[in-house]
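Q: Please take a close look at one part of this structure. Walk me through how it is put together.

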Amino acid sequence: MTTTTTSAFPSPLSIATPEGCEGWEEMYPYYALLSEDRREADEGRLWFWNSMHFPEPMSAFDVVAIDGPYYALANWQNRVFAIPPAMGIDYRIVNGYVFITPNAVTDPELIGERARYFGERAGYYFGHWDELYGRWREKMNALIAEMTALEVPELATYEEDAVAFEDRDTAFVRVLDAYNRALRMHEQMWQHHFEFLLLGYGAYLTFSDFCKSALPEIPDQHIAQMVSGIDVLLFRPDTELRHLARLAREAGVDASFSNGRSPQEIVAELSQSEAGRGWLEALEAVKDPWFNMGSGDGFYHHHRSWLDDPSIPFSAISGHIDALAEGRDTERPTEHLAAERNRLAEEYGALLDEQARGTFNELLGLSRTVFPYVEEHKFFCEYWFQSRFFNKIREFGGLLATHGFLADGEDVFQLSRHEVGEALEELCLTWAHGGPPRGPHHWPPIVARRRALLERLKEWTPPPAMGTMPTAAINDPISVMLWGITPERLQSWAGAMHGDSRTLTGAAASPGVVEGLARVVRDVHEITDVQPGEILVSTVTSPAWAPIFPKIRAAVTDIGGIMSHAAIVCREYGLPAVVGTGRATAEIRTGQRLRVDGTTGVVTLLDEEPA
Amino acid sequence: MSELARALADLRAADEESFGGKSTSLGELIAGAIPVPPGFAVSTAAFEAFLATDGLGERVAAALAGLDPDDVAAVGRVSGEIALAMRRTPVPDAVAAEVGRHYEALAAASQKRQPPVAVRSSARGEDSAEATFAGQQETYLWVRGADGACEAIRGCWISLYSPEAISYRARMASEAGPPAMGVAVQLMVDAAVSGVMFTCSPLTGDPSVVAINASWGLGLGVVGGEVTPDDFLLSKVSREVLRSTIADKHVEYVPDPGGRGTHRVAVEESRRTAPCLDDRQLGALVETARNVERHFGARQDVEWAIARTGEFPQNLFVLQSRPVTATAKAGSEAVADRTGLDTMSLVLGTFGVTPRKD
């Protein structure tokens, strides 16, 4: 670690509020803000922008999607498993964006004490993985079912008979109960989410470290390929779309999917013919559960499921239809992938001596045991549950709008979870006593102000990190596992902030070299703008974006590691990918010509400005 | 009379005593279906027959008797005397006849009247450092005709008495009697590209990669260190190029226009910084490296060439292969640290738990 880079990042408290964004702090909890009273502690730590999970500024309600995961992560990490050198993740919001830092344990005695807990508890999980994971799926399915069934009561002029004659709770209790229950279930989901995640990533990382010590030149991609599953649940939704595309051709209704048509137009036309109705039936048959796939990562209320926003699956279906028309095979080559996965494992194993091969095989086996969870939990948690949760909150928004507290149900996401509770309480109170409510005057101006603030904050690009570069190497296993934050990565970000912006370096995630025009996508809604043959440049790509991969020539991201789902998808499609560049979306403009070298992890900007 | 020469294809490791290490290792490569330029080996018995001609052996022994290995001037003078005596001694008829018979067989096989050949010393023993000191590394390239071959073979024998070789052997007190050496004669490969490759990483010893150094023309430039070669690192497992550095290759060796010997020429501008191997050629080299390694059951240092003529990949040849001795064993300490532990201790280590030693 060189001394020149210790001041490479700005002080957290020196970051100016963008013009016109004054007062942005009102959207966030007091504890999420930087303040004079914590200046010393906050300036002395390194905070990095978590653009992997939070690429956009947060609306007031969406803070639930910061607090939920960070409660849960810290609880499992620090209080359940007591991971010896690392407590939990701390966060701050600056200009609407989320910065995080790991809290380290440095006292050797305390580390030793924690190690005893960790060994016993983690050992139990690894020893009973399949059984515990089976129970986990039951818990998640039950939670999703409960969230789906949760009733948001209406406020009727007269309470129903059951209240009068059968001891049923009155509406105000049921409204407030349901709202609190929704929030609790959201927290429970995050609790489930992190139950296995740390141990799963840890097992994988152990295998990866072992491979790199025994075979120093092994590409990261090969390690990931040996572990990653073939029949992964997360690939099912896209597989279903490919089947639907083939079915459309077989039924002769593929012409209905011509470019630029909305799902509504397509469905309307299909329902006119028998063949079209047959196709629509096939579509209905796969919707549950596969269209619970998300269009984003579940951290924002506007990340909808395919059920809510069919434009992404329909656009993917027409892409697959075009590919079929051109005679390209759109099936995922699962047999080939499975054979390749086993061939790699066998060949690398054969290169090691007998003792090392034994360890290699055991760690590979453990990684393959834990990896289904690592790959599948997203479908249950971030996509399926989260889209149901945000839809439930929309119902409460609808209730508030019905009574004039909000102009539109969607405005509910401009209030914090506590403010929504407050508004519901006032609604229940004023509805009950019949006096004039204040909410209809109080909330709409707040909503309008915050909407404008968020629009302006979107224009601002956060630095990749702020605070003080640690003098000792960052060796927080959790930051490495979840964010790919290594000392090398921080150095390269620090260099990028001051140096040559003509090239960006990141992790070589999928090999190959291509040149092409950039398409910068910072918001999940923009992914339908991606044109065939473009290079996708985004803060992070998620498996939810799988449908656009057949269109693009390469992918570049700000954040992410070699085992991110996007990296896996790129390798499957044979697309070069460079991930974890730190600043790609800040440095690159849509239309700029790029060279992406996924073998070395270098992105070169070939034009000064977009062509 | 002992056997004087034999086709390379008929040699195996067990013949090393009679033919030297280079010839027998080429025979082994052929047996392993590795593409090696055809040729023949001259035995140590042929050298003994040469020493028996006109009392040459006795004269050499007399010249060496009582020589002080540290007297540089005296060693130089004696070396010159022996070389002169050897040059004036004809190659025995029986040896010349065998060389002629094998050379004609090569000519017939290659459908050329006087095919160019490479003539190289084939020392006993694998220790190349020792062989270098002992003057057993002589090479004559682009030699034509049976007479030319005999002359080059005698040149290899003479190299046994270079000043360095004489003083080296004199210091090795255990060495008794005259040295023994075979000679390998092979069809020349008119290389468009040539180089060396390791069947592991030369830096880390990682066995999952092949490291290839390559430059234009005959292999002398790369082996002799006159040219910075293109440097490629490929995965044995996926055949992907993991890293490559394309160098400025300013000179190359080509056959002499007169048809005998080689000379150094400047590489024209357009080829200097162009990669000298394409993906197909790299893939074939990795395949070859794996076959050579598998055949010997050990990591190898392989010299290879791709000929200007002939169809790819039939024009790719292995010129020689030696075991790799001098690389680090892959991250050996780190691996040893880990392989001693059970899986769970390793996983705990990832989370910062140092394993207890009990």
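A: The centres of domain 1 of chain B and domain 2 of chain B, taken over C-alpha atoms, are separated by 27 Å. Domain 1 covers 5–187 and domain 2 covers 191–323 of chain B; the bounds come from an automatic or database domain assignment. This is a predicted model: local features need pLDDT of at least 70, side-chain atom pairs count only at pLDDT 80 or more, and totals for chains, interfaces and linings use all residues. Residues are numbered from 1 along each chain as its sequence is written, while chains are lettered from A and ligands numbered from 1 in the order in which they are written.

Now the contact between the domains. In domain 1 of chain B, 15 residues are in contact with 18 residues of domain 2 of chain B (contact: C-beta atoms, placed from the backbone, within 7 Å). On the domain 1 side, α2 (21–31) and β4 of chain B each supply at least two residues. Helices (H or I, at least four residues) and strands (E, at least two) are DSSP runs, numbered from the N terminus. The largest share of that side, five residues, comes from α2(B).

Next, the sheet. Five strands of chain B form an open, antiparallel sheet in the order β1-β2-β5-β3-β4. Two strands pair if DSSP finds at least two bridges between them. The edge strands are β1 (5–7) and β4 (139–143) of chain B, each pairing on one side only. In chain B, β3 (residues 117–123) and β5 (residues 181–187) pair over seven bridges. Within β5(B), B:V183 is the bridge partner of B:S121.

Key:
Two residues are in contact if their C-beta atoms, placed from the backbone, lie within 7 Å.
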